[in-house]
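Morning, everyone. I have one structure to show you today. Let's get it on the screen.

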Amino acid sequence: MMSNVKLTTNPIDASELSFDDFKTIVINDYKIAFESRQASLLGRKEVLTGKAKFGIFGDGKEVPQIAMAKAFKNGDWRSGYYRDQTFAFATGICTLKEFFAQLYANPSVEADPASAGRQMNCHFATRSINDDGTWKDLTEMKNCSSDIAPTGGQMARLVGLAYASKLYRQNKELSYLKNFTVNGNEVAFGTIGNASTSEGVFFEAINAAGVLQIPMAISIWDDAYGISVPAKYQTTKEDISEILKGFQKDENNPGYEIYKVRGWDYPALCEMYQRAIDVCRTEHVPVMIHVTEVTQPQGHSTSGSHERYKSKARLEWEKEFDCLVQMRKWMLESAITTEDKISELESTAKVYVRETQREAWNEFLESIKDEKDHAIAMINAIASGNPVLGKITAQLAATPDAMRKEVISSVRKALRFSISDTSPERMTLLNWYNEQAEVNEERYNSKLFTDGSESPFLVEVKNTEYTDDSKMVDGRELLNACFDANFARDQRLVAFGEDLGAIGDVNQGFAGLQAKYGDLRVTDTGIREMTIVGQGIGLAMRGLKPIAEIQYLDYLLYALNILSDDLASLSYRTKAGQKAPLIIRTRGHRLEGVWHSGSPMSMILGSLRGLHICVPRNMTQAAGMYNTLFRSDEPALVIECLNGYRLKEKLPDNVGEYTVPLGVAEVIKQGTDITIVSYGSTLRIVEDAAEELAQFGISVEIIDPQTLLPFDKEQLCAQSLKKTNKLLVVDEDVPGGGAAYILQQIIEEQGGYYHLDGQPRTLSAKAHRPPYGSDGDYFSKPSVDDVVEAVYQIMHDHNAAKYPSIF
């Protein structure tokens, strides 16, 4: 439809353009900018009238974003924030109609390709993958990584998007990946507000890009405020480019090219962006464009008015130096257009934006209206004079522009108040409700994972193979052999992290692999967990298979915001429009001391839904999980046992080929009296305890879930309970942490409650982190003694005569 067309900007090349051509481009730019402003003004009204829940817009940034869009080419990437609507319009990343569809939370991918109504407005994304999860040709698109709302969070991913261009340019072994790059010439564009440059992730990312020397172009929109807080409270010297001058490159030292330009000066902006991006693209160095004197005509968002915190003088200045006002003035003074023509353009644009908004609103309501009418008819069919049901339909019918929740809520209420009705009409209503429940599940709850053709659950299961000649090796050597085999097999694999390269990680899992595969594929990084993860996200979004190492599980906290806000939600918030098959490798559990013994599983389970959480008990299982993940396309966290690297294991002959399926638990000891479920390092504790318990005539069945997300898909735990009727869950998270999650899964999800003849119990660590030393570990985390006595107490409660009290 005409209301969903893309109106994009064109570059300005003064050496080739006639004045008439130049005028045409400038007028078209103003048209895009003016339509964008009208969309902001109208969008705010739609929120204040209740049609949309919340609004945040890009007014005041239109002209600099037009200039930036001129330098944005096919294959390039954007990692920005929620002020970039004009850039999205000018590049064709989003249309006006799609903009309003997102404002109304239309749950259709066709209406809102960026998020299918799952994100608030001005959160942009392009769809990188097909419906089956396979990649599109990203070199033929202008690419936009999915926005997140947490301020500054986009910076971590930006590093990875730019770093991918460096790898594609310098690693010729990747030249076969034609759908992802054209010789590594792509630029990663980032945007951020001046106030958000106070976030730690901004400084971390700026430093990382300077170290890596990657084609990253960061634009800072500086409107002198962060919501109500002025720059004097935000930034030293009130000037971010001033305090970052130390990053400026010179003849002897690599660094940034830093530019500064005023946000209302159209010709200067166009010239500056062309120059800056040319440097970024050709020299492969990071650039920073500090856009100053930017205005924000409607304030921060629809949640308040900027008149409350800006002075009268500031408000007057913003009116005069509004970028549209200044561009209009310049166009008239330069004889690019006339007052009559520009007024006509503006009038036409206002009508067009209003018509587009109405069309988007009507399309959003259309399907709901059909559901509403159908629901009213079905409820009336069973009302039979019932005043309660009549009132339900009357209220629904009287609700103008009813949302889907009003429709479904009315149906549920009608079903409750007709519970004794056995008529065919009620069955029709019930069947319709059940059908809608499935449809709404797909609309609002689907695609936490991509679930495509490369799902880990479709990877062929291959068992370990051993011969009489299979060697016993340290666990670290087994892992090393796994990584070696896979790096030889798949050129897309890259690994990076603190101490990973030269020394092969602190536990030697990558020993010798940098020397073998080069420092582009096995790389040291600085101490910067947020951008280590962001580096991985960006690489994964560009078709590579990154392994981002976080040295210890305790340090995952430093990257948790990026993992949770960005990686874990990526598939869901784009409704499987984008994917990032990143593997986070770390190690934890039973070491000693407050900062190197972490098992914060409840934190991980609560914040990282959207990642597979793998908790291998040894390095054989870990390698099998890596083999599965390397052959699939969904993100995962693998937590290796910190005290297992020097324990001996038999080296499989097919160390790079065998696979451990995700979500498949394993019985590692058969028993008849009690089921113990545990994972990771505590399994060895449980196995030792089982030997002592056997001396008391207690037969223990031990189950290793192997992954916590997903958990025991085949319900092995519940099957075990049918035999033993008793349950103990052991882990070393805090009380009520990981063990409580496992208990909920077994008792509630698997129906294990019905097989119990006694109270199920958990055995966890203490509420504090363990103090240093072996005694600190013993008195803080589950020991063999703790497990033995916990099991014995359960047996005593069941049969006190056979198992008299110990204490």
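Start at Pro710, which lies in the loop between strand S20 (707-709) and helix H23. Keep in mind that this is a predicted model. What joins Leu709 and Pro710? A cis peptide bond, with omega at about 0°. In general, most peptide bonds are trans.

Follow the chain into H23, residues 716-724. Which of its residues are buried? Leu716, Cys717, Ala718, Ser720, Leu721 and Thr724. Look at the spacing of those numbers. An α-helix has 3.6 residues a turn, so residues three or four places apart point the same way.

What covers that buried set? The cover includes strands S17 (666-669), S18 (674-677), S19 (700-704) and S21 (727-730). Helix H24 (738-749) is also part of the cover. Just after H23 comes Asn725, with a positive phi of about 65°.

Ala335 sits between helix H10 (323-333) and helix H11 (339-383). Its phi is positive, near 60°. Ser384 comes in the loop between H11 and helix H12 (387-397). Phi of Ser384 is positive as well, near 45°. Most residues other than glycine have a negative phi. Is Ser384 buried or exposed? Exposed, because its relative accessible area is 72%, and the cut-off for exposed is over 50%.

Now zoom out. The protein chain has 26 helices and 22 strands. It is divided into domain 1 (21-337), domain 2 (368-445), domain 3 (456-650) and domain 4 (666-798). The C-alpha centres of domain 2 and domain 4 lie 46 Å apart.

How does the overall size look? With 807 residues, a compact globule would have a radius of gyration near 28 Å, and the chain has 30 Å, so the two agree. The C-alpha atoms fill a box of roughly 100 × 85 × 50 Å along the principal axes. Of the 807 residues, 60% count as buried.

Last, the charges. There are 86 positive and 110 negative side chains. The centres of the two sets lie 4 Å apart.

Terms used: Residues are numbered from 1 along each chain as its sequence is written. This is a predicted model: local features need pLDDT of at least 70, side-chain atom pairs count only at pLDDT 80 or more; totals for chains, interfaces and linings use all residues. Side-chain values use heavy atoms; hydrogens and water are left out. Helices (H or I, at least four residues) and strands (E, at least two) are DSSP runs, numbered from the N terminus. The radius of gyration is taken over C-alpha atoms; the globule rule is 2.2 Å times the number of residues to the power 0.38. Buried means under 20% relative accessible area, exposed over 50%, partly exposed in between (1.4 Å probe, protein chains only). Lys and Arg count as positive and Asp and Glu as negative; His and the chain ends are not counted. The place of a charge is taken as NZ of Lys, CZ of Arg, CG of Asp or CD of Glu. Domain bounds come from an automatic or database domain assignment. Contact means heavy atoms within 4.5 Å.
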